[in-house]
Amino acid sequence: MSQGALFANFRIRTWLPRAVVKSLKLDVKILDPEANEQLWSKLFPLKKVPCFVGADGFKLTEQLAVLSYLVNLSGNQSEIQRLLGSSYKEKAEVLQWLSLANTDLCLAFTRGAFPLNGREPYNRKKVEDAYAELERIVQRYEQRLNDHSFLVGDRASLADYLGAVIFTRIFENLFGKKWREEHAKLMQWFDTITKDPFVSFLWDDVKLCDEPLPHPSKK
Ligand SMILES: N[C@@H](CCC(=O)N[C@@H](CS)C(=O)NCC(=O)O)C(=O)O
């Protein structure tokens, strides 16, 4: 009997949960929320993804909770320690980076991109503030990556995977080729993580932008 179902689709917060299911070979069905709308909204009235329902009816929302549960569900002790951290300090550090990527980084991205791609009314100040916030968060990543290959410890953890996943949307929309060439350390880390077989297939169809989304021209 299957271990449960993960509602996931193209949306960025569902990428890593999908990769965990695949790479840890979990017996978890991936359900498209839109194609299973009735079941999805009945189980999860907030209608956000990702969300998980176990074979026993156990329900979870929130990407970080879903990730932690899925990794532990594998029962694979060496992968559990690698992905979530082994000591209590490492576990806290992994959680710290996961939270930074899932909230501050992801939300600064949407604040910067949505007024430019038409999902929200255009507002120059909002876009500029979002870019400034993104630059501050990038500095936080660079501070660590200047003398370390990975965000926590000396091997890739969920912290690296989720960071790279969220940065993907930023590199697809807001930070173009020139910006990326000027941030060699961050891009070296991004390149290493996106080639890691645990997650590399997520980037099969990804195309990073050459130029960032333009501001609308004044009429
Ligand atoms: N705090 C939630 C946020 C979930 C969330 O906002 N997911 C987005 C996709 S990345 C979503 O479902 N958006 C659909 C909507 O807001 O209607 C988490 O970390 O999982």
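Student: Which helix holds Lys177?

Tutor: This is a predicted model. In it, Lys177 belongs to a helix that covers residues 177-181. That helix is α8.

Student: Is Lys177 buried, partly exposed or exposed?

Tutor: Buried would need a relative accessible area under 20%, and exposed would need over 50%. Lys177 has 44% relative accessibility, so the class is partly exposed.

Student: What distance separates the C-alpha atoms of Lys177 and Arg13?

Tutor: Along the chain, Lys177 and Arg13 are 164 residues apart.

Student: Now the domains. What separates the centres of domain 1 and domain 2?

Tutor: Domain 1 runs over 4-75 and domain 2 over 81-203. Their contact takes 18 residues from domain 1 and 22 residues from domain 2. Taken over C-alpha atoms, the centres are separated by 22 Å.

Student: What area is buried between domain 1 and domain 2?

Tutor: The size of an interface is often given as the accessible area lost when the parts come together. Here carbon and sulfur atoms give 75% of that area. The total buried between domain 1 and domain 2 is about 1700 Å².

Student: Which element gives the largest share of the side of domain 1 that touches domain 2?

Tutor: Two elements give two or more residues to that side of domain 1: α1 (15-23) and α3 (63-73). By class, the side has ten nonpolar, four polar and four charged residues. The largest share is seven residues, and it comes from α1.

Student: How many salt bridges cross the interface of domain 1 and domain 2?

Tutor: A search of the whole structure finds nine salt bridges. Across the interface of domain 1 and domain 2, four residue pairs are in polar contact. The salt bridge count across that interface is zero.

Student: Where does Lys47 lie, the residue whose side chain meets Glu37 in a salt bridge?

Tutor: The N to O distance of this pair is 2.5 Å. Lys47 is partly exposed at 35%, and Glu37 is partly exposed at 32%. The two are ten residues apart, with Glu37 in helix α2. Lys47 is in the loop between α2 (37-43) and β3 (51-54).

Student: Which helix holds both Arg136 and Glu133?

Tutor: Their side chains meet in a salt bridge at 3.0 Å, N to O. Glu133 has a relative accessible area of 19%, so this residue counts as buried. The pair is three residues apart, about one turn of the helix, and that helix is α6 (124-145).

Student: Why can residues three places apart in a helix point the same way?

Tutor: Count the residues in a turn. Residues three or four places apart point the same way because an α-helix has 3.6 residues a turn.

Student: Is Arg169 buried or exposed?

Tutor: Arg169 and Glu172 form a salt bridge at 2.9 Å, N to O. Both lie in helix α7, three residues apart. Glu172 is partly exposed at 22%. Arg169 is at 18%, which is under the 20% cut-off, so Arg169 is buried.

Student: Which elements do the buried residues of α4 pack against?

Tutor: In α4 (77-84), the buried residues are Glu79, Ile80, Arg82, Leu83 and Leu84. They pack against α3, α5 (88-117) and α7 (158-173).

Notes. Residues are numbered from 1 along each chain as its sequence is written. This is a predicted model: local features need pLDDT of at least 70, side-chain atom pairs count only at pLDDT 80 or more; totals for chains, interfaces and linings use all residues. Side-chain values use heavy atoms; hydrogens and water are left out. Domain bounds come from an automatic or database domain assignment. Contact means heavy atoms within 4.5 Å. Buried area is the accessible area (1.4 Å probe) that two parts lose on being put together, summed over both. A salt bridge is a side-chain nitrogen of Lys or Arg within 4 Å of a carboxyl oxygen of Asp or Glu. A polar contact is a pair of N or O atoms within 3.5 Å; within protein, one must be able to donate a hydrogen and the other to accept it, and residues adjacent in sequence count only if both atoms are side-chain atoms. Helices (H or I, at least four residues) and strands (E, at least two) are DSSP runs, numbered from the N terminus. Ala, Val, Leu, Ile, Met, Phe, Trp, Tyr, Cys and Pro count as nonpolar, Asp, Glu, Lys and Arg as charged, and the others, Gly among them, as polar. Buried means under 20% relative accessible area, exposed over 50%, partly exposed in between (1.4 Å probe, protein chains only).
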